[in-house]
Amino acid sequence: MKISENWLREWANPELYTDQLVSQLTMAGLEVDSVESAAPEFTQVVVAEVIACEKHPDADKLNVCQVNDGSGEPVQVVCGAKNVRAGLKVAFAQVGAALPGFKIKKAKLRGVESFGMICSEKELQLSDAGDGIMELPQSAPVGTALADYLDLNDTLIEIDLTPNRGDCLSIEGVAREVYANNDIVATPVLVTDVEAQIDDVFSVELGNTQACPHYIGRVIKGIDPKAETPLWMKEKLRRSGLRAISPVVDVTNFVMMELGQPMHGFDLNKLEGGIRVRNAEAGEKITLLDGSEVECREDTLVIADHKQAVAMAGIMGGLDSSVDDKTTDVFLESAFFTPSLIAGKARSYGLHTDSSHRFERGVDPQLQRRALQRATFLLQDIVGGKAGPVIEQSAADDIPDTPWVELRHARIERMLGITVEKPQVEQILQKLDMSLDAFDAGWRVKAPSWRFDINIEADLIEEVGRIIGYDNIPGKREAAHVAMASFSETRISLNQLRDTLVTRGYYEAITYSFISPQLQQILHPGQPTLSLANPISSDMSEMRTRLIPGLIQAVVHNLNRQQPRPRLFETGLCFVPEGKELQQRNHIAGVISGQSEKESWLSASQEVDFYDIKGDAESLMAISDLSAFTFQPSGNEILHPGQSAEIVFQGEVVGFVGALHPNVLKSLDIDQKLYVFELETDCLQQKQLPNFRELSRFPSIRRDLALLVDQKITARELMDCVKKLDEEIIQEVFVFDVYTGKEVINNRKSVALGLILQGFSRTLNDKDVEKTVSSVLQKLQEEYDAVLR
């Protein structure tokens with residue numbers, strides 16, 4: 001927000017230089033982004049009067065003017081502006097004047113001498129309007145320096161406000177901060193009530209009191225459509241970054257900048273029946289002031305008459321009901337819209353206005369009547385007219401009220417680190433217009449209606465710290481009480497999981513928790529999601545149910561930037577709706593692509609495959625207990641059916657691993673294979689305490705079994721079957737070969753198992769070994785019809 005320092009000092013004028021005032025505002029939390037002069041420097045530009053104007057003898061578009069600049073004799077000037085005329089007060093640059101970018105010299109135009117220049121606002125860089133010379137009021141004193149007359153010795157201060165300080169989006173709001181930070185007397189503009197001079201009213205109905213609990217309006221009839229906005233108001237608007245348009249629009253903009261209440265003026269004769277504040281009907285269209293046509297959604301609040309919607313509430317008025325140069329009767333609107341129900345609406349339509357900026361952050365719900373009276377007074381002063389009675393509709397139960405908050409005196413010292421005496425605390429809070437109710441340990445405090453950001457004790461303590469000044473709080477060494485944190489040996493930390501993947505060549509990625517609906521549908525089809533009510537953009541409107549979508553986007557980003565071997569992993573929450581509940585579970589996921597090893601003369605290049613990504617997932621399981629996890633064929637439709645598996649823990653599927661399906665890669669416009677895994681971290685973080693087991697002093701014996709089994713039987717099933725025998729001397733079971741070929745027929749395959757046998761009390765003999773091997777073969781034959789090859 002940009003404000004004029006001179007305008008601010010009309011409300012609050014501390015004995016501070018500009019740089020001191022700027023520093024004070026920044027330290028108070030109103031960060032100043034920039035400071036600049038209200039106008040570029042120019043010299044010898046004075047108020048003058050055109051006393052005669054005749055056509056140039058040799059040029060149809062030029063005029064020869066006689067100008068009184070207060071120096072004595074009239075000055076002859078050649079001017080080509082269409083609006084130059086006798087009796088006009090103008091800005092006149094004398095010979096020798098220095099204007100932005102050039103100097104004024106004596107000249108001859110088409111044979112006629114010209115001794116100066118009548119200036120436009122654009123030539124003085126006071127605005128972008130350059131369609132004519134600058135017209136000054138008839139009361140402007142001839143000969144006065146223009147910079148003095150317009151009070152251009154001013155500074156423009158641009159403030160970057162945080163979203164919680166919507167109360168400072170006005171001169172009055174910033175002035176309140178200046179009062180509180182300085183021992184000065186407040187000098188606010190007195191707003192006098194304008195009594196009704198006519199009985200005309202216009203009915204108002206509130207159809208959605210939750211979104212608009214307070215609406216005030218007033219009819220003003222008989223205004224002068226030819227009246228112009230006074231120069232002082234135009235200048236204040238210009239210095240606030242607003243363009244002067246017409247008296248009605250300028251007055252509403254002026255009140256918005258002065259008091260912080262956005263307003264709107266309708267042409268009364270273009271409205272039918274009365275005002276209805278309601279939600280838009282599906283497909284209802286409005287042509288806005290900027291000429292754009294908007295098709296409204298049903299969740300959009302609109303201002304309507306009895307025929308159609310005439311404005312988007314809190315955003316922008318409609319063109320069909322706008323005031324123009326023929327308007328004689330107006331209806332002024334001043335309303336309060338609930339911030340939580342207005343927030344994001346303008347952005348969803350690709351709009352952002354000064355009104356929406358303020359209503360989204362919150363406007364004082366008690367300001368509407370005062371703003372309407374101020375606008376009425378200013379409007380009548382400029383365009384005349386007669387005002388009707390104030391029309392007010394409100395729903396008291398829906399108008400927000402600031403809460404009473406308990407503030408403990410001892411808590412202030414604990415949080416700020418300094419002792420603040422009770423009288424000083426009370427003085428600070430009273431400067432901020434807060435109501436106090438003291439008790440032994442502190443106060444019950446109620447913030448004024450415009451401070452809707454004060455809700456908890458910490459907010460009040462922050463206010464005390466702001467007014468004292470953070471730079472006045474001395475730094476001191478904190479006393480630390482060091483205690484050793486306990487940890488569980490049966491719990492594995494996330495950092496251990498991260499470190500494991502980093503040692504295997506992965507890089508950690510951090511992606512957004514929200515993704516596009518299209519990506520969600522591709523990578524987790526059919527899964528219900530939580531949609532955001534106010535997304536950053538349409539591409540980030542769904543909460544993720546898996547980590548894979550964000551990681552794949554990151555991998556694609558790297559592939560497009562000539563990183564041929566990406567290896568990324570991420571840990572984070574996933575959000576899965578289950579009925580009316582939202583399950584939030586921690587996951588860990590990884591994606592790899594490209595070569596299995598960096599290019600080197602030591603080894604031939606080889607693409608990563610299923611076993612590379614499976615090995616990475618197993619390295620995580622091994623930290624906990626690899627034997628507690630099993631793999632089974634996957635039916636996951638985003639994975640390649642022949643290169644994927646589900647990961648099972650204690651009978652439940654907790655993750656998956658494999659290659660992305662070619663159709664998925666095609667949908668994502670990826671032209672190389674991607675291998676992924678994703679697991680819930682809770683199962684990986686569980687760990688059994690290690691138990692001591694004596695090492696055998698006796699030699700081990702290996703026996704290999706080549707078994708013929710049905711092709712559907714997995715090696716894992718065979719190994720689990722052997723382990724269930726619970727033979728004491730079987731120390732290890734592993735697969736070392738799988739064969740399918742000409743020698744194996746009838747849909748069978750050969751699986752070679754290796755058995756490591758070892759006794760703990762004596763050396764095993766052939767009888768012991770043969771007995772155990774026979775038991776293994778018998779069990780495998782019973783369970784899976786396995787026979788020795």
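The model is predicted.

**H11 and H13**
- Helix H11 covers residues 409-416 and helix H13 covers residues 457-468; their axes sit 10 Å apart, at an angle of about 65 degrees.
- Angles of 65 to 115 degrees count as roughly perpendicular, so that's the label for H11 and H13.
- The crossing of H11 past H13 is right-handed.
- On the H11 side, the contact uses Arg411, Ile412, Met415 and Leu416, and these meet Glu457, Ala458, Ile461, Val464 and Gly465 in H13.
- Sorted by class, that contact comes out as six nonpolar, one polar and two charged residues.

**Around H9**
- Helix H9 (residues 354-361) has Ser355, Ser356, Arg358, Phe359 and Glu360 as its buried residues.
- Their cover includes helix H6 (247-259), strand S23 (329-336), helix H7 (339-342) and helix H8 (345-348).

**The four-stranded sheet**
- The sheet is open and antiparallel, with its strands in the order S39-S40-S38-S41.
- S38 (residues 701-710) and S40 (residues 748-757) are joined by 10 bridges, and alanine 706 stands opposite alanine 752 in S40.
- Helix H20 (residues 715-724) lies across S38, S39 and S40, at about 155 degrees to S39.
- Helix H21 (residues 766-784) also packs on the sheet, touching S38, S39, S40 and S41, and its direction makes about 20 degrees with that of S38.

Key:
Residues numbered from 1 in each chain as written. Predicted model: local features only at pLDDT ≥ 70, side-chain atom pairs only at ≥ 80, totals over all residues. Heavy atoms only, no water. Axes fitted to C-alpha atoms, helices over the stretch in contact; angles between N-to-C directions. Helix = DSSP H or I, 4+ residues; strand = E, 2+ residues; numbered from the N terminus. Parallel < 35°, antiparallel > 145°, perpendicular 65-115°, else oblique. Left-handed = near helix turned anticlockwise from the far one by under 90°. Contact = heavy atoms within 4.5 Å. Nonpolar A, V, L, I, M, F, W, Y, C, P; charged D, E, K, R; others polar. Buried < 20%, exposed > 50% of the residue type's maximum accessible area, 1.4 Å probe, protein only. Pairing = 2+ DSSP bridges.
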